[in-house]
Amino acid sequence: MTKTPGSAAPCPDVGDMIPSVHWPSPAAQQPEQQSRAAALRAAPPELRVTCEPCVAQTEPQLHQPNSSGLSCGSQPDEESVCSDSGFGGSPASSLGLRKLSDCSSVGLSPTSSFEEYEEEVSGITEGRDAATRHDAEKNKNMVNWSPVVVPLKKRAPWVQVVGHAGNFQTGGDGKLLKKYCASEQQCLQRLMDDVLRPFVPAYHGVTRRDEQDYNLMDDLLSYFDSPCIMDCKMGSRTYLEEELKKARKNPQPRKDMYEKMVAVDPEAPTPEEKVQQAVLKTRYMQWRETLSSTATLGFRIEGIKKSDGMCNTNFKRTKSKEEVMQALDDFVDSSVSLLRNYQQRLKELRLVLEKSDFFKTHEVVGSSLLFVHDQSGRAGVWMIDFGKTVSVPPPLTLDHRSPWAEGNREDGYLWGLDNFIDILTDMLPVQ
């Protein structure tokens, strides 16, 4: 049974956390796979020093990347440059430090989200970026720790499922470049010193390519062969409270979003909206979330890419528990072991989230969980997309389960995670 917001479910102690990758038992692995898994587990940490990132330019012109992989379902009008609209990868060997004209770089983390905002987010983050640049000055000599791993013998191609073409570029050596977003960069820096670090892609700083700044991150797919990938957007809403305030001050009705609304439900617009033939973007987003499981379960499936390359982003109307269970069963090809692995990963994540200082002091909106597995039995879960994650004013803290009311900043992230775990549990055979 799914929980209603506010029904907190205690998580049993599962012991010390390990990086969020499940490795199959040695008997189930080929010799080569065993050596790779052992090397990854036993590798000592490598010290990496990251210098101050460049400040992103206003309205930069991004050159089209020449990257491999599959792209489908692009929706540029609804994608923020701060959202990770690609499926990224896994731990990988480090890139050497690269000297830049004004600054040095190295790092980001992969992420993936399918439908974000653009104008509202850019306006909000501009003011916030100015306020956080002073903090960036303090981090010029920030020290990052990341695991040393064995050289990649076979690297899965990076895949962008939706979003602005050009937000991502391949960096080589198991790295992924994502168009620079200052607010996301600040979150990733802080997460490198938080207990959540094993559950986010390793962040290495900022790099410049073709006159454009990028966040540099590990490609999470690097240790998977022909991976299956799923992006799930977490929380009971995907818009910030700041966006609602801005919409009231400077409403900008959108004709394109009105057309999308009536294409799905001709009766959805109000009489006033029908006269204007336009809707506010916030109104459109709130309406759209009522179509999916965001409002009913606290998460929604954004897209799935199977190992054969087939990509499905048609989950906007996937709302009921039964529909979600069917999509999940298709994602794992009815594999009980994969369902159990993912259930365990999410339980571990929940325990760490409940202990995280970062999590309790941030409104986590528009963030996704990235699920990756392959035929060998490896399975991993990572938190991605932090372009719309903002800190709450002290001494306010969030429990991420309470129902949202404007002003309390609650996002429903843990409520959605509780429901996700319960659904996986219901899909597993009774032991």
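Colleague: Okay, is Phe 224 buried or exposed?
Modeller: Keep in mind that this is a predicted model, where local features need pLDDT of at least 70, side-chain atom pairs count only at pLDDT 80 or more, and totals for chains, interfaces and linings use all residues. Residues are numbered from 1 along each chain as its sequence is written, and side-chain values use heavy atoms, with hydrogens and water left out. Buried means under 20% relative accessible area and exposed means over 50%, with partly exposed in between (1.4 Å probe, protein chains only). Phe 224 comes out at 2% relative accessibility, so Phe 224 counts as buried.

Colleague: How many aromatic pairs does the count come to?
Modeller: Rings of Phe, Tyr and Trp (its six-membered ring) pair if their centres lie within 6.5 Å; planes under 30 degrees apart are stacked, over 60 edge-to-face, and the rest tilted. Apply that rule and the number of aromatic pairs is eight.

Colleague: Are the rings of Phe 224 and Trp 382 stacked or edge-to-face?
Modeller: Their centres sit 6.3 Å apart. Their planes are at 85°, so the pair is edge-to-face.

Colleague: And how many residues apart are Phe 224 and Trp 382?
Modeller: Helices (H or I, at least four residues) and strands (E, at least two) are DSSP runs, numbered from the N terminus. Phe 224 is in the loop between strand S7 (212-218) and S8, while Trp 382 belongs to strand S13 (residues 379-384). The pair links distant parts of the chain, and the separation in residues is 158.

Colleague: What about Trp 382, buried or exposed?
Modeller: Same test as before. Its relative accessibility is 4%, so Trp 382 counts as buried.

Colleague: What is the angle between the planes of Phe 331 and Tyr 342?
Modeller: Phe 331 in helix H9 and Tyr 342 in helix H10 are 11 residues apart, and both are buried. Their rings are stacked, 6.0 Å centre to centre, with an angle between the planes of 25°.

Colleague: Within what arc do the buried residues of H9 fall?
Modeller: In helix H9 (residues 321-331), the buried ones are Lys 321, Val 324, Ala 327, Leu 328 and Phe 331. The arc is taken from the directions running from the helix axis to the C-beta atoms. Seen down the axis, the buried residues of H9 line one face, because they fall within an arc of 125°.

Colleague: Which exposed residues sit on the face of H9 turned away from its buried side?
Modeller: The buried residues pack against several elements, including strand S9 (299-305) and helix H10 (336-353), where contact means heavy atoms within 4.5 Å. The face turned away from them carries Glu 322 and Gln 326.

Colleague: Last one: in S7, what is the bridge partner of Lys 179?
Modeller: Lys 179 is in strand S5. The partner of Lys 179 is Tyr 214.

How values were computed. Pairing = 2+ DSSP bridges.
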